[in-house]
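Q: I would like to go through this structure term by term. Please set each value against its definition and then conclude.

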Amino acid sequence: MNKNFIPFLLLLLIIGQMNCATAEVQLPQLVSDGMVLQRNAKLKIWGWADTGENIKVKFKGKSYKAKADHEGNWSVLLSASKAGGPYEMEIAGENNSITLKNILIGDVWLCSGQSNMVHYLGVHQDRYSKEIALANYSEIRQFFVPTLAVFPGPAKNLPESSWKEANPENVLQFSVVAYFFAKKIYEKYKIPIGLINSSVGGSPIEAWISEDGLKDFDDLLKTVEQNKDTAYVYGTNRKAEAYQREMAKDMPKDKGLEEDVKWYDPDYQLKNWSQMNIPGYWEDQGVSNLDGVVWFRKDIEIPASMAGKAARVALGRIVDADQLYVNGKEVGSTGYMYPQRRYDIPEGLLKAGKNTFTIRVTNNFGKGGFVPDKPYYLAVGKDTLDLKGYWQYKVGAVYQHKPNNGPRGIAMRNQPASFYNGMIAPFINYSIKGILWYQGESNAGRPGEYLALQKALIHDWRTQFQNENLPFLYVQLPNFMEVNYLPSESSWAELREAQLQSLEAPNTAMAVAIDLGEWNDIHPDRKKPVGDRLALAAENLVYGDKSIVFSGPIFKSASVADGKVQLSFDHTGSGLISNDGEELRWFSIAGEDKQFVWAKAEIKGDQVVVWSEEVKDPKYVRYAWADNPDQVNFYNKEGLPASPFRTKEITQK
């Protein structure tokens, strides 16, 4: 079956369940054991039953009544309550009753976006092992929304999931950013925190906006309407997959898997293998323009103290896909370039003395190999062996790319309104405190439209949740990709600018992360500071502690006098600093011709003065205007980095 069609089948199942005679009272997935309800707000509890069926809800000593309408929908509105719990709730129909247990009342935060919001503590447990071990917070809970793209329209319910308390086992599946946000808020206010984690890796912002919210985007609305034709979508994807299968028939076989003795078998005798250093890309080590399969082997000497024990292998990141074999047994694999490689070796596999490690790497386009500046080691407890250095390698297959002029499929995760329909719409009745948003990487190639889209998202979700002042806290994209030491254009900088300008929307705040990225990883490891900075914003904006400095310097205005530009800022805190004591970096300046050069920059009180001997009549200034302005050092004294920015044309005083 075409896997891209599965979401339509799920939707039909959900719709079918809702529209047929239910015979029993049913509840949405979110309204379940362990849920966190929003404090100090009237709460809608809803569900489905037979047409005309009488429903009774009992909660905290009060009773509420409802009757299912002609479509089987019913709802009650509970009185507002202070934080507390645990409580029980009883929902009774004419044929059945449901008792929900362990309910808390506190603050509920919707956490959404793409992979950097998805990324869970289990992926980053090497960095956060202590925090995971100490994660015993029964009043911090996450409801993880399974991925579901829906095209025809808003779904009524979510796929099966449940509320989980933060403990060392469950927290491995908690969003890293959301967990540390919740932890900081909980430890300060001692209020139960519920996290609804509805996020999908690789998703563009338009996928999270409803059809109504896209009314000002004609091209996107046209796509939404087209995708409602499920037969069209299914047929398009079926043709594309058939074409790809035909193309695959011409792909060369991998010699490493074709020979009688496979190349990962310890008994295989290496013949005509060469050496290559790991980590590194093979295009940088004398192998040019190779897309295909490359095998790497190395015999690792294991001391007796590590033999027979469970182990963990770190293989950094690999472009694009890999399989790891230890002594002929596959112990781990990853199908695409982004995840960190962390593989477990079971007890009994490692032996004292020589152990054969084999890595099969598949690269489809661009540079292939092992990403530098990442960890590569074997660990047994606290004992480690370095896996970096020279390995034997041999090419198993070479891909010769042919023009792909065939039909293209419709990628489910890229479609406008699809994730709103499947992963937001089913719970817009659920009262929430605010929104945490971390997204933008998938739109970095189209930065010009992002400001309008983010403002549309903010307005749309406030409309859908019927709260025009719903707090919206979001993360500005961190630094990423190779460092360019010349002033240059940058689509990532343009997208950060759009995010900065989104602060024009009321009741919003932005966590700057320009100092938390990694040049070689779109999923940087340092996510706790992101959650902490979002929490600072919430403390000030949402919880009313106006003494909290929650943002680094934000550009406010510029003027020119005597060939120098004076820059003023908001959120200067208790003062502006260079956080490493060196001259401010990443300021550039230009005249009328917009030919930017690096500038001198000096802090003068709450201003920064910028100049260059090469530009006598300055008109424009940029700060951290690059994909990866590495090691920025412009902060306030509270330790929060300044947001990247560029000025409009500056006029003479």
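Q: What is Tyr 430 in contact with, leaving aside its neighbours within four places in sequence?
A: In this predicted model, Tyr 430 is in contact with Leu 30, Val 31, Met 35, Val 36, Leu 37, Trp 46, Val 108, Trp 163, Ile 196 and Phe 465. The word contact applies because it means heavy atoms within 4.5 Å. Numbering starts from 1 along each chain as its sequence is written, and side-chain values use heavy atoms, with hydrogens and water left out. As the model is predicted, local features need pLDDT of at least 70 and side-chain atom pairs count only at pLDDT 80 or more, while totals for chains, interfaces and linings use all residues.

Q: How many residues does the largest nonpolar core have, and what makes it a core?
A: The largest nonpolar core has 108 residues. Tyr 430 is among those with the most contacts inside it, together with Trp 74, Met 89 and Phe 587. A second, separate core has 42 residues, including Met 117, Phe 181, Val 475 and Phe 550.

Q: How do you know where the buried residues of helix α5 lie around its axis?
A: Helix α5 spans residues 218-227, and its buried residues are Leu 220, Val 224 and Asn 227. They cover an arc of only 70° around the axis, so they are on the same side of α5; the arc is that of the directions from the helix axis to the C-beta atoms. An α-helix has 3.6 residues a turn, so residues three or four places apart point the same way. On the other side of α5, Asp 218, Asp 219 and Lys 222 are exposed. The cover over the buried residues includes α6 (230-248) and α9. Helices (H or I, at least four residues) and strands (E, at least two) are DSSP runs, numbered from the N terminus.

Q: What are the phi values of Asn 507 and His 571, and how is their accessibility classed?
A: Phi is near 55° for Asn 507 and near 60° for His 571, positive values in residues other than glycine. Asn 507 lies in the loop between α10 (491-501) and β26 (508-511). Its relative accessible area is 26%, so Asn 507 is partly exposed. His 571 is in the loop between β28 (564-570) and β29 (576-578), and at 34% relative accessibility His 571 is also partly exposed.

Q: Why are β11 and β23 said to pair?
A: Two strands pair if DSSP finds at least two bridges between them. β11 and strand β23 (residues 389-398) are joined by 5 bridges and run antiparallel, so they meet the definition. Met 276 stands opposite Trp 391 in β23. Strand β13 (residues 292-302) also pairs with β23 in the antiparallel sense, over 6 bridges, and there Trp 295 stands opposite Lys 394.

Q: What makes β27 and β32 edge strands?
A: They belong to an open antiparallel sheet of 4 strands in the order β27-β28-β33-β32. β27 (554-561) and β32 (600-604) each have a single partner strand, so one side of each is left without a neighbour in the sheet. Inside this sheet, β28 and strand β33 (residues 607-611) pair over 4 bridges, with Val 610 as the bridge partner of Val 565.

Q: How do you know how confident the predictor was?
A: pLDDT is the predictor's confidence in each residue, from 0 to 100. The chain averages 94, and 96% of the residues score at least 70. Over residues 1-21, pLDDT stays under 50.

Definitions and conventions: Core = buried A, V, L, I, M, F, W, Y, C linked by side-chain atoms within 4.5 Å. Buried < 20%, exposed > 50% of the residue type's maximum accessible area, 1.4 Å probe, protein only.
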